[in-house]
Structures are given as structure tokens and as C-alpha cells.
Amino acid sequence: MRQTLLQLPTKHSGWAFHASRLAQIASARRSFASEASPSPEIYDVVVVGGGPVGLTLAASLGAARTTSHLKVALIEGMDLTPTRNWNPKPDYFANRIVSLIPSTVRLLKEIGAWKHIRQDRVQSYDGMQVWDGMSGARVEFDWNKLWGGKDEQTDTTIAHMVENVHLSHGLLKAIGDLPIQPTMIDKTKVERIEYGQMTGQVDMRDWPVVTLSTGQQLAARLLIGADGGNSPVRTFAGIESRGWDYDRHSMVATFRIEDDSAFPKFAYQRFLPSGPVAILPLPGNYANLAWSTTPEKVAHLKSLAPEDFVAMVNAAFRLSYTDIDYLHNLKSGVADETKWRESVTKYPDPPQIPVRITEVLDGTRASFPLKMKHADKYIAERIALVGDAAHTIHPMAGQGLNSGIGDVYSLVKSLTEGIRHGQDIGSSFTLEPFQSERYLPNNALLGFVDKLHTLYGFESGPLVPLRSLGVEIINRDWFGLKRFLMSQAAKS
Amino acid sequence: MRLQFLLRRARARARAPSSLNNAYARTIRIPPSQNARCISTSTFQNKPDARNQPTPGTHGAVDPDELSHFNALASTWWDAQGPSRLLHLMNPIRIDFTQHCLAMNGAPAAPDGLRVLDVGCGGGIFSESIARLPTTAHVVGLDPSEEILTVARAHAKKDPTLTGKLTYINSTIDDYRVEQQVDLLTLFEVVEHVPYPAAFLQSCMRHVRPGGWIVLSTIARTGSSWFTTKFVAEDLLRIVPRGTHDWYKYINEAEMRAFFEKQAGWGAQGMLSMGCLYVPGFGWKAVKGSEHIGNYFFGVRRDL
């Protein structure tokens, strides 16, 4: 399926696409300067948003042969310099981390970003422990426990955990390596977007023109919204985005943990009725928390003293939901309270549950609201949406960024085809394949994760044993279901 | 992949000794007399006869009914969901086939950049896209309808890269008197709208330099092409307005091949065809053998 992006053009035709006559753009620009306002500078692609998805797009456009001649600008509100110069302390991991599935890593390798990722700060894992907080029904995704185990050929990595800032750093480095540099405009907000004007030579009435807070204007043959859930580009395009707030926030933090070198590195997720709580592995004795729960409970978690917060998180993987619910009422003394409750509760040992966390790193407690949103469409004339601007997903499956990067791959492929066939890269005929390739898979993923959220929201009732039965069937690998799921996850 | 395979087959056929080509053509060629039984006008008329004299003031190569029909289409030509949508979707395969023809003889067809004459360019779907390719030096789009060219020019203004690279001229091929011959002359979905295709093609041939190509696409005159282009597209689904096609004017691939085989100095170094089908939901696909069923591409090289 996934052809090597960089080789697409050579594979299909003998025609070499040399640095193009698009340079003519630059000279054409002077000729239609209007008297009223300074004329906007013309770009082939203007990317709004310098998050990981926007950066991946800029790096991919520069790395793929057919698109490398395009004149690209990227606009980001924040300062990118600290990310570019990121130099981490060895005993600290940022709280925002992301799980990169193998296909995402393949793309990052192709575009030259992965070599800038410091492997000593990446934690891959090939096992997962997922269980039901009410019934205890459990799925273990562990290649070593499956019949036959793993062989040398199969890449059994489920995902690689990387800090967001680390990924962005690698992408910025890859962009810095490009022979033709995109114009990177940071610390600058998009003031407004409007359509261009008709002048003597050129009709830019369907070209989006982006005006920046500096007054600079950029006309975009293709305007890309990589600008997040509240995408201004999407609003400009008049594309509706539908969905709902989960009335849940995700609490994140980074911890130091007990020595876990005796166990394989696993990802752990326990489904509580208020939302899943997950511990994700980091290199050495570090781990990251992603706990989705109600805003009130998140506020409580943030208000606790560090030792009480640590006790609370340990309890979340050991105690019953009733106990955890009770602990949320305590303003202090959680550590003592959990001690005796855990002494009278039966819970599994590591590696079925995570080893105990010992300390929360200073300043790593943070939270953000959870939403499910899907844009009605990803494209309009001269506009495309990627990543969260197109779809916002519950983070429980760790698929948000991965599907955004899937969008980038597909979009660049569509642009490549368009350029090879002399199409205007802003035309809907160029963009349609991107939308038709991405919309349904994204919709299915969003729906699946949303259903999981609903399914595990029940504390009792008939769905609790039913969901547990389903989980048991998967876990016992009946019908080869588990092996299938795992090989799909590794391949995708 | 499939396209590559088909093109390879087509290339092999084109490179085969001409005797084989002739034998191949002979077996399926329908003699003109036989044609006359099923169609009202002989498909390949060289000269207008007395009954079909064009009305004064219009050009012999242009049917006034066709002209008014395409004028009516002008406003929706670039509408992505409009009646020309299928033509837009066909454009990438036009480019692929054209590129393949040009690449057939090894060395780049035109080292200084390709000069193209797109006859019957309409709103400029192909003219614009071939002009955007970095290997193209200049494109002239020719169309007898000023109204459509107004649309074409207005659309080309939306892309500054086309400035100076693409010129539209309101003319028939007969009246187009430019000495410089081109590397590529294209006739996409044109010959089926022309009253006297043989005379028309011969007018076109004058404009191609030795070693240059004529690349065209059209529709074979078969039961299935009547069903898809007349019944389904015009009557049933109304994808295109009624009267867009005149089935009796369609020319079969074998007839096209036979025509060019008779032209001195043409086709010895390259004559190939490729059938394609529209598959709803997937777009246009090259399908082996479908040149005898419906839409097909045809490329022929003027001998060096």
C-alpha cells in the first residue's frame, strides 16, 4: 500500500521534474501590484499551524521530489526557536507525549526527521495491558505470550513514545536540512483570511489571502489548515465541524517510577466508568500519565499535594472504582488512606499492572478538555484541512497525531499526482483523492473510539458482562482475533 | 500498473512490422460501403457533399449546431460538479497517454520545451494542464467558439504561472495559418464533433513537425458506446446535456488506424491506442481491448 513517497515520481515516469518555472510566480507578482494595498506575496502552499502535523507537512513537501520545488510558507503563533534549540535534561521528560505507530515512524524516516530523534529518549513498547475497571476483564497484547512468539521478521513494535517537543524538534531539524527552505513565520498570528482581488493580469478572487499580525500578506494557491480543533482556516472555508464535548478532561503528568527493568515495557490502560486511566512507558525509570476523567476530578487531582497525587494514581490501577471515587473526596491524606485500602484489596502484580510510581516531576501536572469533532469535509477550492482541524479524537487509543500524519501522507501523494498531471494543486480535482482516501478511515476510527468511551462509561447493567465477554474472547485469541489485531497494529 | 502494462502492449504493437499492423487492421476494418448501411453519413468524408453544405459564414470544419451546443456549456465548463466533470476526471489519463507517446522514441521529444497545439481546446482543461508541466514551452489552444474561449481565458487568469505560456486563439484549424510546426497536436474529444473528420485530420497534420505527434481521444461507434454516452449519460442520468454526442459521428479505432496507415509519412515510427473505461467511484481506468468498446486514445507520430 504505502509506496515510498520519495520515489513516486521516478517510479511512474521518465520525466524529470526540474526546479520549475514556478519561479515565474515571483516575477509575475510585481506586475499585478495594485495601487490600494501592497500586493500579497504568492505562495504555492501556505500552512497555518506549526504543530507536529503542520511541520510534518512542510517537511514532507520539501522532501518529496515532485513537490520540493513548491514555494511553501508555514505560519505559527508560538515561538519555534526554543523547540528548534531544544536541549533536554536527562532526568526530565515533558508531560505531553505522543505515541507514534510504525507507519508514522516510516514516514518520519522518509522525510529525514527520525534521524534527529534521540533514540535514548524514545521508548518503544510491544505489549499492552488493557482491563475493565469494573469486571477486571483483561486483554494482554504481548507477542511473547502468543503461540509461536514473535519471529525476527515481524516488527512487533506497537508504538514509540516520544515527547511532543522532541518530535517537533526533529521535524524542525529536518526542515532545516531541506535544499529548498520553506518560509517559516513564527511568533505571528493570522489576523484575517479573505479572498484576493482581480487585477489586470491575474484573477485571484478564489485565492485565499492570509494577512498576518505583522501586516504581511500571503496569497495561497493552496491554503492548509493544520491549525487545530478551532481551525480558523476551516471557519474561513465555511466547513462545519460536528461532534461533542465529552465533559471529560485529560490529566497528564510525568513520574519517576520504581525500577521496572525486570519487566518488559508495557502500556497500561484501565477503563474506569469516568474514563480510561493510562500509564505509558518512558525510557529508564520514568512513565507518563494520561487520565481521562470529569473536570471536577481533574481539578481535585491537580489540587492534591504531590505525595497524595502519586498515591491517587497508584490507587487508580489497584483499587476498586468505589474506593477511587471515595478518594476523590479527600482534600488531603490520600497517601495514608490508600495504604490501608490497598492492604485489604486483591490486585494483580506487575507486569499485569504498572510498577508503583514514586514521584511526580515538578510542573508536569496539566490537563486539557476532550472532544470528538469531525469536519463535514476536508477540502474546498484551494483549501485542505489536516490533523485536528479535520478531526479531533478521544486520546484513549493514541491515534490523534497518527491519523493527522496519515492525512499528510495522503495529501502529499494527491499533490504529487496533481503536479505530475499538470493540475492546479489548489483545484478540487487534485484534492479529491486525499479526501476520499482519508475521510472514511478517520470516520471509522473516530466512531470506534467514541463507542469505546460510551461502552466503558457504564458502571453496571447488562453491558458490563457483555463487554467483558467480548474482551475475554479477544484475550483468549479465539478465532485468531488477537493475533489478527496485533499484526494489524504492527503493520498499519 | 495496469496502465503501464497496456501501454507496453500498445507500444509493442506499434513497433511491430507495418505488415502486421496492416494485417491487424484489415481483419477488423469495416469497409465504407458496409458503414453506410448502419449510419446516415459516411464516417470519413473527405469533402462536404452537396446536401451537407455548411451554412455560409461558418467554417467547413465546424458544425453550427455543435457550436451553439458548446456555447451553452461554457458557463459550467470549470464547475467541478458540472456536466464537464467526467472530462476533468479524464484529464490525468490524457496526460499519461500523451507523455507515454512522447517518451516512446527515447530522447526527449523537444529538448527546448514542448510546443503544443490543442485543437478544440474548449474551456482549456487539457491546455492548462499541459502548459503547467515544466517540460512544456508553449501551448496554443484553438477553438471555434469565442464564447468558450472567453471562459478559458478567464480561467487561465486564475493561475499566474500560465501567463505567457498559454495562448487561446479563436479559429478553426483551416483558418489557423501559423508557419511554425508543433511537437504535439492534441484533439481530445474533438473528432466525434467534426462533420468531415478526414479533411479535418489532414488540416491538423500540416501543423505537426516531422517527429511530432498527434494525440487524440474519441469514442468508438458501438452498441455499448451508444448505451453509455447517449442513453445513460444524456437520457437516463443527464450527466451531460442532451445532444452533446452524435453517435453517428463516432469513429472506431480500426477506422482511425486505417486512416493514418494510408497517410504518407505518418505512423511508421509510432502508432498506438489505449482504451479506457469510466468506473463510477474509481474514475477512468485504462482497460485492455476497450478501444473497441468505447472511449479510446490514439497517438500517431509523423515520421522523421
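I count rings of Phe, Tyr and Trp (its six-membered ring) as a pair if their centres lie within 6.5 Å; planes under 30 degrees apart are stacked, those over 60 are edge-to-face, and the rest are tilted.

**Basis of the entries.** I worked on a predicted model, in which local features need pLDDT of at least 70 and side-chain atom pairs count only at pLDDT 80 or more, while totals for chains, interfaces and linings use all residues. Residues are numbered from 1 along each chain as its sequence is written, chains are lettered from A and ligands numbered from 1 in the order in which they are written, and side-chain values use heavy atoms, with hydrogens and water left out.

**Aromatic pairs.** I searched the whole structure and found 15 aromatic pairs over all chains. I looked up B:Phe97 and B:Phe297, whose ring centres are 5.3 Å apart with planes at 35 degrees, so the pair is tilted. The two belong to distant parts of the chain, 200 residues apart: B:Phe97 is in helix H5 (residues 85-103) and B:Phe297 in strand E8 (residues 295-302) of chain B. I take helices (H or I, at least four residues) and strands (E, at least two) as DSSP runs, numbered from the N terminus. Both B:Phe97 and B:Phe297 are buried, a term I use for under 20% relative accessible area, with exposed over 50% and partly exposed in between (1.4 Å probe, protein chains only). I noted one aromatic cluster formed by B:Phe97, B:Phe126, B:Phe188 and B:Phe297.

**Annotated site.** I found B:Glu189, B:Glu192 and B:His193 listed in UniProt under "binding site", in an unreviewed entry. UniProt positions are in the numbering used here, feature names are shortened, and annotations may be inferred rather than shown by experiment.

I placed B:Glu189 in the loop between strand E4 (182-188) and helix H8 (197-205) of chain B; B:Glu192 lies in the loop between E4 and H8 as well. B:Glu189 is buried, at a relative accessible area of 12%, and B:Glu192 is buried at 1%.

I then listed contacts (heavy atoms within 4.5 Å). Not counting residues up to four places away in sequence, B:Glu189 touches residues including B:Arg94, B:Ser217 and B:Asn295. With the neighbours within four places left aside, the contacts of B:Glu192 include B:Glu66, B:Ser217, B:Asp246 and B:Lys249.

**Charge over a ring.** I recorded the charged end of A:Arg365 over the ring of A:Phe309, 4.5 Å from its centre. The criterion is NZ of Lys or CZ of Arg within 6 Å of the ring centre and within 35 degrees of the ring normal.
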